[in-house]
Amino acid sequence: MPAVDKLLLEEALQDSPQTRSLLSVFEEDAGTLTDYTNQLLQAMQRVYGAQNEMCLATQQLSKQLLAYEKQNFALGKGDEEVITTLHYFSKVVDELNLLHTELTKQLADSMVLPIIQFREKDLTEVSTLKDLFGLASNEHDLSMAKYSRLPKKKENEKVKSEVAKEVAAARRKQHLSSLQYYCALNALQYRKRIAMMEPMLGYAQGQINFFKKGAEMFSKRMDTFLSTTKAMVQSIQEESEAEVEKMRLAQQELLSVDESVYTPDFDVAAPVINRNLIQKAGYLNLRNKTGLVTTTWERLYFFTQGGNLMCQPRGAVAGGLIQDLDNCSVMAVDCEDRRYCFQITTPTGKAGITLQAESKKENEEWICAINNISRQIYLTDNPEAVAIKLNQTALQAVTPITSFGKKQDPSRSSQSRKHSGLENDKVVPNTPAKVPDADQLIVPGTPIQFDIVLPATEFLDQNRSGRRTNPFGESSDEKNLNEEDSLLQQMFIVRFLGSMAVKTDSTSEVIYEAMRQVLAARAIHNIFRMTESHLMVTSKTLRLIDPQTQVTRASFELTSVTQFAAHQENKRLVGFVVRVPESAGEESLSAYVFESNTEGEKICYAISLGKEIIEAQKDPEALAQLMLSMPLTNDGKFVLLNDQPDSEDGNPNENKAAESEA
């Protein structure tokens with residue numbers, strides 16, 4: 001090791017300028033060492049503080065690892081392996097925390113404490129001796145100045161002796177302080193080297209012990225665990241990268257679609273519509289009344305579930321019931337100058353909710369889906385096939401062979417047999433007959449009327465008298481009395497589908513063909529709006545009444561109804577043929593097609609009973625026998641019981657509220 005510079009103690013008494021100059025060099029070195037020692041101590045205290053914080057941090061880390069199991073993650077499926085791994089890591093961190101705590105104590109004892117002792121002992125001692133040396137030097141200078149002022153004349157031996165003693169004492173004191181000061185400065189040159197290396201030896205030894213104990217503690221038992229954990233992390237990382245790449249490709253594919261995907265109602269000219277849906281979901285605008293004349297529209301998510309229409313606001317956990325769709329009707333409506341609106345009507349005829357779709361395609365698919373659901377085909381074993389079967393008439397619009405006639409089941413239900421026994425041979429024959437061609441039943445190209453139009457003869461009858469017609473459709477007292485005298489009054493809720501001229505009324509096949517052509521025309525021309533009415537069946541007339549204003553929209557004499565039948569697959573379709581005299585003495589035949597909330601067979605049974613009453617009124621004995629065989633009300637009118645035998649798919653209690661005695 002190189003030699004250390006020293007101050008010569010022999011020159012302390014002489015206190016020459018050369019000695020003082022060399023002393024200033026030592027003093028400057030001591031000052032620099034003091035500044036550096038303070039900075040070094042701050043750095044070491046920072047290391048110690050960081051290590052102490054490491055102990056606290058590892059304790060908190062261990063607690064947080066254990067707290068993962070207690071977190072209520074919404075998507076916590078498959079975290080069992082993670083929980084087990086984190087529990088093991090928590091134990092490892094606790095053991096490491098013990099080593100960190102031991103390392104903290106070692107750093108405090110072997111690194112921070114030595115440098116503090118060096119600063120407080122050695123550097124403070126040098127600083128104190130410097131101050132004492134300075135005081136002694138000043139005192140010696142004062143005594144020498146006093147001695148130098150002694151006069152030459154008659155000297156006072158006593159004063160001279162005292163001043164000499166004072167100079168000697170000051171010089172001795174300066175000599176002693178300078179020797180002590182020089183020794184401290186010389187020793188400091190050795191102590192500073194020790195003080196710089198000793199703390200670092202303690203730091204290095206503490207770190208070595210920490211890592212050595214850590215290696216001994218974890219190297220053997222941690223190798224397998226760490227390799228397993230590393231393999232698991234790598235596997236998850238590979239899955240993540242594969243999923244990211246898959247999502248990136250999917251994103252590119254989804255973004256490469258045509259701009260029409262983002263444009264609402266882009267295919268308004270020729271939309272591709274699926275009419276066989278038995279469930280549907282999507283956003284619709286719901287109309288809400290906020291006052292007598294004010295409304296608001298709210299965009300909500302709607303979906304069908306079984307026979308129910310559900311609504312789920314954005315952010316809601318589950319949807320709520322909005323409308324029971326069983327036996328409901330749906331039709332397109334005009335509402336507040338908005339496009340693509342449709343309304344759902346309850347089985348009792350009460351207007352339900354009004355909704356708005358965002359496109360023509362969505363509007364028609366929602367209407368078709370609700371129509372399919374209202375027929376309860378979702379309860380069948382294969383609802384998709386049933387929906388396709390019910391809507392296949394749209395694909396057979398121009399087929400010359402009557403599809404309804406070909407599908408006619410030779411076996412009839414019990415109620416059909418009962419009706420056929422009451423009716424003439426023209427109504428639902430029991431024996432299979434040759435199916436006539438469509439051209440023999442209806443002239444090709446015959447126009448179809450989709451709105452109820454009052455016949456000309458009916459219009460003339462209502463305006464023939466000189467009295468002013470009531471604008472609300474209320475009939476005269478005489479007409480009301482005639483209706484009250486009727487032995488049969490039964491009301492059904494129906495929706496008018498269409499009417500058209502026919503060539504013959506000799507077979508019920510003409511009604512089936514009319515049904516096919518009307519439904520096909522509605523499907524081809526996208527006509528979904530239907531007029532709802534109350535069909536009043538009496539022993540004299542058939543009347544279509546507006547449910548809101550009670551205006552009679554159309555009236556037919558029961559004797560003019562020459563043919564009537566219900567569709568054998570779609571039980572809610574019913575139709576009848578009316579023979580109307582023309583002005584030239586000829587007669588015209590028109591077929592009317594309706595959709596009912598109840599089974600069409602019940603309407604046919606009511607018409608059949610009315611015609612039977614007309615025939616029985618010609619013979620009092622037959623009428624009396626008929627009245628004895630049928631249940632009557634208190635005022636002597638016929639009652640149509642709801643427990644009449646239904647068809648195989650019928651429900652005897654279906655639409656009980658829809659059929660009421662007039």
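A residue is called buried when its relative accessible area is under 20%, exposed when over 50%, and partly exposed in between, with a 1.4 Å probe and protein chains only. Colleagues, the model before us is predicted: local features need a pLDDT of at least 70, side-chain atom pairs count only at pLDDT 80 or more, and totals for chains, interfaces and linings use all residues. Residues are numbered from 1 along each chain as its sequence is written, and side-chain values use heavy atoms, with hydrogens and water left out.

I begin with the cysteines. A disulfide is here a pair of cysteine sulfur atoms within 2.5 Å, and by this rule the count is zero. Cys335 takes part in no disulfide; its nearest cysteine sulfur belongs to Cys341, 5.1 Å away. Cys341 is likewise in no disulfide, and the nearest cysteine sulfur to it is that of Cys335. Cys335 counts as buried because its relative accessibility is 10%. Cys341 is buried too, with a relative accessible area of 2%.

I turn now to backbone geometry. Asp337 is not a glycine, yet its phi is positive, near 55 degrees. Where does Asp337 lie? Asp337 is in the loop between β5 (329-335) and β6 (338-345), strands being DSSP runs of E with at least two residues, numbered from the N terminus. Its relative accessibility is 82%, so Asp337 counts as exposed.

Gln550, also not a glycine, has a positive phi of about 60 degrees. This residue sits in the loop between β11 (541-545) and β12 (552-557). Gln550 counts as partly exposed, because its relative accessibility is 45%.

Conventions: Helix = DSSP H or I, 4+ residues; strand = E, 2+ residues; numbered from the N terminus.
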